[in-house]
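Trainee: I am new to this structure and would like to go through it with you. Could we begin with a strand pair?

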Amino acid sequence: MGLRRFIQVSYFRCARTSGILKHVRYKPPSLVQWRHSGSCLYKAVIFDMGGVLLPSPYRVAVEWEVRNRIPPGTIKQAFISGGMNRPWMRYMRGELTSAEFLQEFGQQCSEIANFSVPVDSFLSELTSSQMSKQLPIMTEALACIRAEGLKTAVLSNNFYLNSGMSFLPLDRNQFDVVIESCREGICKPDPRIYMLCLERLGVQPNESIFLDDIGENLKAAAQLGIETVKVDDPETALKELETYLGFPLRGFVPHTCLVRPTMEIPKDPLQQYLEEVLGGPKTGPLIVRQFSHGQSNPTYYIKFGDRHLVLRKKPPGKLLPSAHAVEREYRILKALAEAGVPVPKVLALCEDSSIIGTPFYLMEYCTGHIYKDPSLPGLEPGQRRAIYIAMNKVLCKIHSVDLKAAGLEDYGKHGNYVQRQVQTWTKQYRPAMERLIEWLPLHLPTSQKTTVVHGDFTSPLLILNPEGPEVLAVLDWELSTLGDPISDMAYNCMAHYLPSHFDLLKGLRECDVIQLGIPTAEEYFRMYCEHMQIPPIENWNFYMAFSFFRVAAILQGVYKRSLTGQASSATAESGGKQAERMANLAWNFATKEGFRVFKEFPDAKPLARPYSTCTQPEAFPRRNYVTMAPSSPAHTSKAHLILSPNDLPRRAQDLYHKLKKFMDVSVYPAEQVLRDHQVSQTRWTPHPLIEELKDKAKSEGLWNLFLPLENDPEMKYGAGLTNQEYAHLCELMGTSLYAPEIFNCSAPDTGNMEVLVRYGTEEQKERWLQPLLDGKVRSCFAMTEPQVASSDATNIEASIIEEKGFYILNGHKWWISGALDPRCQLCVFMGKTDPEAQRHKQQSMLLVPMDTPGITVTRPLSVFGEEDPPAGHGEILFENVQVPKENILLGPGRGFEIAQGRLGPGRIHHCMRLIGYSERALALMKGRVTSRVAFGKPLAEQGTILEDIAKSRAEIEQARLLVLKAALLMDTVGNKTAALEIAMIKMAVPLMAEWVVDCLLQAFGAAGLSNDYPLAQFFAWARALRLADGPDEVHRTAVAKLELKHQSLGGEEEFPRD
C-alpha cells in the first residue's frame, strides 16, 4: 500500500497468491503480427454461453440420445421446431417454470420419437456439474481480453432451474455485463437483447464482436453491425478472434498486457544479450509482456526459453537528474542479498543503452504470496499478526545493515535526510503545497540516524512464504538511499490512515484492526522501537506529514510524465487529483494535534462521545468502528456526519446510485402488482416477481447491505458499510414497502442474521445464517406474549426446560412477524430457562425450526384490518416443542443480552425506513397538489397545503439529522454509548412519520386511503412502529433517565456535546 504503488507496481505485485508466479506455457501463433490493444478497433467481446463458454447443448443431446436409445436428432429437432413460441424458447424467456417446460418439452419430444422420452434426465445432464465447467481455453481468452482493457459480456439464452435460480454456472467476475434471457424476458435472435447488451456495455455495434455457435443468432447480430465469429471448434474460433483483436488469447500472464506503443523494446538485440549473458541459444521465441501497473520504471515479463525473468529499465525521454537509477537498484539488491536481507536475486546489469535504448537489469521471477490489501483478507487474526510482526522485523533488519561491511557507505549522503528530501520534492511540486513547504523546514528533527532506507516499505512489496509468516523478498528499491529510518516506519504506517476505497492504494482506516489481528499503528511502532532498542519518537506527527507530502510530490511527477507520454502506467493521469488529496492529508497531520497518535504511549481517557456535525469533512475523514468506547489516542479521531449521499465514500456512493437506479427501473413499477397480490386469494403465497427481483438485485451486488462493518470487518457476509453509510441506502429502500425484502434487508431477517453473525456458533451459522444470507429462507422472532406487558422483556412467561439433552419449549406468542410466510423456516424463540436467576439472567434464546412438532400458527393478526401477507403477523402456540441443546444461542441466561444487542441496529433500521416513507409520501403529495384544482386555484396554492408541506420538510430534515447522528455514534463509540440517540430516534421518528403521512393523506384526498397508492400502508406502519420494538413511553423513559445521568453534581453536563 506504499509509495511505489503510485510510481510503479512491479511484476511481483500482480498477485495475491503464488499462482501469478508459476511457469506459463505459451504457444505463439505463427502467422499473426500482434499489435497493442490501443490500436484495436474493438472495445468489447460478447460471448454466448452454451456451445461457446460451455459444452454445446447439441453435443450433450447427441451423447445422451445414444446412451438412452433415443432416435438421433430428437432433442435438436425439438429445440429448433415450433417457431418462437416453442417450449424451448418460452423456457429461455422465463415464461415457463421448470416443471411446465418438462411437461411440454417431453410431449414434443415424445411426438417426434413416437414413444415417451425422459426429458427430465436430459435436463439434469445438461445442467450437471460435469457439463457446467467452463472450457479452460475460454477462461484464458477472457483473461487476456480483459488484460488488454476490453470489456467482456456473456449473452446467454438460459433458463430457471427447479430451485428458482437461473442456470448460469459461470464466474460473473469475468464479465462487465451479464445478460440472461430468462431474466430479461427476451432471447436471441431477438434484436432487442443484443441492443440491451450493447447499451449496458456502453459500446456501439461496430465496436463489438459476438461469438455464438448458432448461425441464426450470429445473423441477427451481424444485421445490427456487430462483428461475428462462428464457434464450431473453440480453438479455431479463438484464432479467428485473435485476427480481429490483434493480440494473443493464449499464454496469459496475470496483470500483464502487450507492451504499450511508447514502451516497446527491441527484441533481437535483447535476445542476443540474453544468449550471451545467460547462455544460449534457447529454444522457443522470446516473449515480452509489460506489467500493467508500473508507473515509474517500466517492468517487463521475459520468457527466454525455459527461464522466466523480469526486466526493469529506465523510462524513455528526458528524466530528472538521478531519477529512475536502475543501476542503484541493482547495486542495493546485490549488496543487501549478501548482507542477509531477503531480496530478489539479481542476474545482470546492462548499462549499454544501445541494447534496448536505456540501461536495465535482470532478476529472477520469484514465487510466493503477495497481499495487495493490507487487511490481508482470507487469513485468521493470528496469521495476520504474525505477518505484520515478520514485516516489522524485516524493516528492522534493513535498518540494521552495516553500511561499511555492505559497501554502502557512499550509497547516499549522511545526515539531514529529511531536510534534503523536503527540498528535493519541493522543486517537483508547488501548487497547493505552500503551507507544507513553509511548515516542514520549521519542524525538522533535531537528530537523525543514518541507515539504509527503502523509501517505500509497505506490505504489498513483500513476497511471503506460503508455508508460514516468513518474508522471502522485499521488492522495489528505486527510492532506496541512506537516510532517516523513522521515515520508512512512517511510510509503513500510512495504510492505517488511508481509506480502503482510495483509487491508487488500499488502506485500513475503516477496519477494526484489533479484531482483524493486525497491530494498531501505535502497537506496530512500539514493536519497531523494541526491536531496534530505541526510545519512542515524540514528533511522529511530523513524520506522517512528511510521508504524505512526499507522496503528493511523487504523484505530481507521475502526472506530469503522463502528459508527455513518459509514464509507464495507463492510470497515471489521475495522479494530479490524487496529489492534491495527499497534500491535504499531509496538512491535516501537520496542523491538527488529533493526528499525533503517538503523543503519549500510556492509555489516555478520551472523551466519552467524540463526534462532530461538521459539514466540511477533511480529505480523508477518520472513523472508528470499534463497538466499545475507545481506549487509546489512536481511537479518538473525529468523525463527521455525512449529510448527503453525494458525500458518501466512493464505494458506498456507487452502491447508492446503483440502488436508486434499481428502485426506479424495477421496484416502483412493480408496486401495484404486489399491492394487488396482497388482497388476492393467493396472497399467502409469495408473488414470483419478488423472487425474480431478488435474483436480479443479488446479481447486481445490491444484497445484504445491512450488516454493519463492525460486525463483519472482513465482509464475509455483507457489503461492509458503516451504519451511517447504510442509513442513506436504507432510507432509499424505505421509499417502497417491498424494497427491503428484494435486497434481503428486511426485518425480522436482518435482526436474526445479525444475531447469528454476532452470537452463533459455526454450526449454527452454516445451518441457518447462510440460507438466510442467500435469501433462500425467511425467519421470525418470537418474544411478545399476549398475557403480559412484553415491552418489559423480563416479563415474558414462556418456559424453556432442559431435559435429556434437549430443551422443551412451552409458550403463547403473538405479533410474530413473518411467521405465516411459507418460506419461514426458522424461529428465534425467547423464553425463561431459570425463573429464579437475576432478573436479566432468566431468559435464553433458541433457534427453533418452524417444522418442529408442537408449533401451531393459530391465526394471522391484522394491522388496521390489513393482514400484511404473505409474511403476516402470527399468533403461535408452542406446546412441548423439543429442541436440541446445541440450538441455544450464546448459552443459558444470555437471552436479554442478545435481545438488547439485536434491538439497537433493528431500531435504527426502522427509523431509516420511516424517513424513506415520509420522503416518498411528500413527493407523492407534491405531485398531487400541483396537478389538481379546487375552488378556482391549484391545491398547491392553498395556504394550509403550503403550511403542511413546509412543516413536513422541516420535520423530515430534523429526524434525518438525529438518525444520522445516532448512526455515526454507533460507528464511533458503539451501540451502548449511543443508547441515548437510539432511544431518541425510536421515540421521535415514528411520531414524525405518522404526523407527516397523516398531513399528506389529508391533502391527497380519498385516493390516498385506497390500494392505488402506498400512503395508507405507510401510515399503518408508522403508527404500528410506535409500538413495535418498544412503545414510545419506554423510549421516553429511557431518554429521560439517560439525560439525568449526564448531569454532574455541579449541574453541568458531564458529557459536552459539540
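Predicted model: local features only at pLDDT ≥ 70, side-chain atom pairs only at ≥ 80, totals over all residues.

Trainee: How many bridges join β8 to β9?

Mentor: Six bridges link β8, residues 299–304, with β9, residues 307–313, and the two strands run antiparallel.

Trainee: What is the order of the strands in the open sheet?

Mentor: The open sheet has six strands in the order β6-β7-β8-β9-β11-β10, with antiparallel pairing. Its edge strands are β6 (256–257) and β10 (346–350), each of which pairs on one side only.

Trainee: Changing topic, what is the volume of the second largest pocket?

Mentor: The volume of the second largest pocket is about 1100 Å³. It is lined by 27 residues, and those closest to its centre are V178, R200, K696, S699 and E700.

Trainee: Which elements give two or more residues to that lining?

Mentor: They are β3 (177–180), α8 (181–184), α9 (191–201), α22 (650–667) and α24 (688–699). The largest share, six residues, comes from α24.

Trainee: And which domains does the lining draw on?

Mentor: At least three residues come from each of domain 1 (44–245) and domain 4 (642–684 + 693–738).

Trainee: How do the lining residues divide into nonpolar, polar and charged?

Mentor: The lining of this pocket has ten nonpolar, four polar and 13 charged residues.

Trainee: One last topic: is helix α27 mostly covered or mostly uncovered?

Mentor: Helix α27, residues 749–759, is mostly covered, with ten of its eleven residues buried. Among the buried residues are D749, M753, L756 and Y759.

Methods:
Residues numbered from 1 in each chain as written. Heavy atoms only, no water. 1 Å grid on protein atoms, 1.4 Å probe; cavity = no way out; pocket = protein on both sides within 12 Å on 5 of 7 lines; lining within 4 Å. Points joined across faces, edges and corners; volume = space filled by probe spheres on them. Helix = DSSP H or I, 4+ residues; strand = E, 2+ residues; numbered from the N terminus. Nonpolar A, V, L, I, M, F, W, Y, C, P; charged D, E, K, R; others polar. Domains from an automatic or database assignment. Buried < 20%, exposed > 50% of the residue type's maximum accessible area, 1.4 Å probe, protein only. Pairing = 2+ DSSP bridges.
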